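Subject: Structure handover and notes

Dear colleague,

I am passing on a structure that I would like you to look at alongside my notes. Please open the sequence and the coordinates first, and then read on.

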Amino acid sequence: MRCPHCGSFDDKVIDSRTLANGDAIRRRRECCNCSYRFTSYERTEDKQFMIVKRSGRREPFDRVKIERGITRALEKRPVSQMSIERLVNEIEDMAAIMGKVNHEIDAASIGDLVLEKLAALDKVAYIRFASVYRHFENLDEFVREIKKVGGNFHHEGEAFG
């Protein structure tokens, strides 16, 4: 594997784990040149796993898009990159299991999985993600969502929750 940090092809496998009921193998690797750690996945080439958008359009499952959204929601929060990677792996595994029969899953199910995992990990990140995912348009929608996750948030001396 080529190191995404320095481009070297010299790496070693640190850890391997079977994912999604044996349909994939996750390998943690370390570059022998720069010591950067990264993850690779091995899957049997099968029918591509697809995401069904609200419009009915289909697009290939993109782990990077999920990771980007989660990372954005967790920006400046006390959550490690390893926790984010673990979260994305769990979501990817659950999505693969849920969509195993048709090799597809609807985008709303992926969004709900992300919200469920973020609610357990970090309430602020949950609200950030929910506000974009659910298209909040006013403060009342934020307050309803905050009450739903049971947070005690304060705004200008007023407590919500």
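This is a predicted model: local features need pLDDT of at least 70, side-chain atom pairs count only at pLDDT 80 or more; totals for chains, interfaces and linings use all residues.

Residues are numbered from 1 along each chain as its sequence is written, and side-chain values use heavy atoms, with hydrogens and water left out.

The sheet

Helices (H or I, at least four residues) and strands (E, at least two) are DSSP runs that are numbered from the N terminus, and two strands are taken to pair if DSSP finds at least two bridges between them. On that basis 3 strands form an open sheet in the order E1-E2-E3, with antiparallel pairing. Its edge strands are E1 (11-19) and E3 (37-43), each of which pairs on one side only. The twist averages 25° from one strand to the next, where axes are lines fitted to C-alpha atoms, for helices over the stretch in contact, and angles run from 0 to 180 degrees between N-to-C directions.

Strand E2 (residues 24-31) is joined to E1 by 8 bridges, and in this pairing leucine 19 stands opposite alanine 24, while arginine 17 stands opposite arginine 26.

The cysteines

A search of the whole structure finds 0 disulfides, a disulfide being a pair of cysteine sulfur atoms within 2.5 Å. For cysteine 3, the nearest cysteine sulfur is that of cysteine 34, 3.8 Å away. The sulfur of cysteine 34 is itself 3.7 Å from the closest cysteine sulfur, in cysteine 6, which is too far for a bond. Cysteine 3 is buried, with a relative accessible area of 2%, whereas cysteine 34 is partly exposed, at 29%.

Glutamate 59

Glutamate 59 lies in strand E5 (residues 58-60) and is buried, with a relative accessible area of 16%. Its side chain makes a polar contact of 2.8 Å with the side chain of lysine 65; such a contact is a pair of N or O atoms within 3.5 Å, where within protein one must be able to donate a hydrogen and the other to accept it, and residues adjacent in sequence count only if both atoms are side-chain atoms.

The nonpolar core

A nonpolar core is a set of buried Ala, Val, Leu, Ile, Met, Phe, Trp, Tyr and Cys residues joined through side-chain atoms within 4.5 Å. The largest has 30 residues, and those with the most contacts inside it are Ile70, Leu118 and Tyr126. Helix H3 (107-121) is among the helices that each supply at least two residues of this core, and H3 gives the most, with 7 residues.

With best wishes

Note on methods:
Buried means under 20% relative accessible area, exposed over 50%, partly exposed in between (1.4 Å probe, protein chains only).
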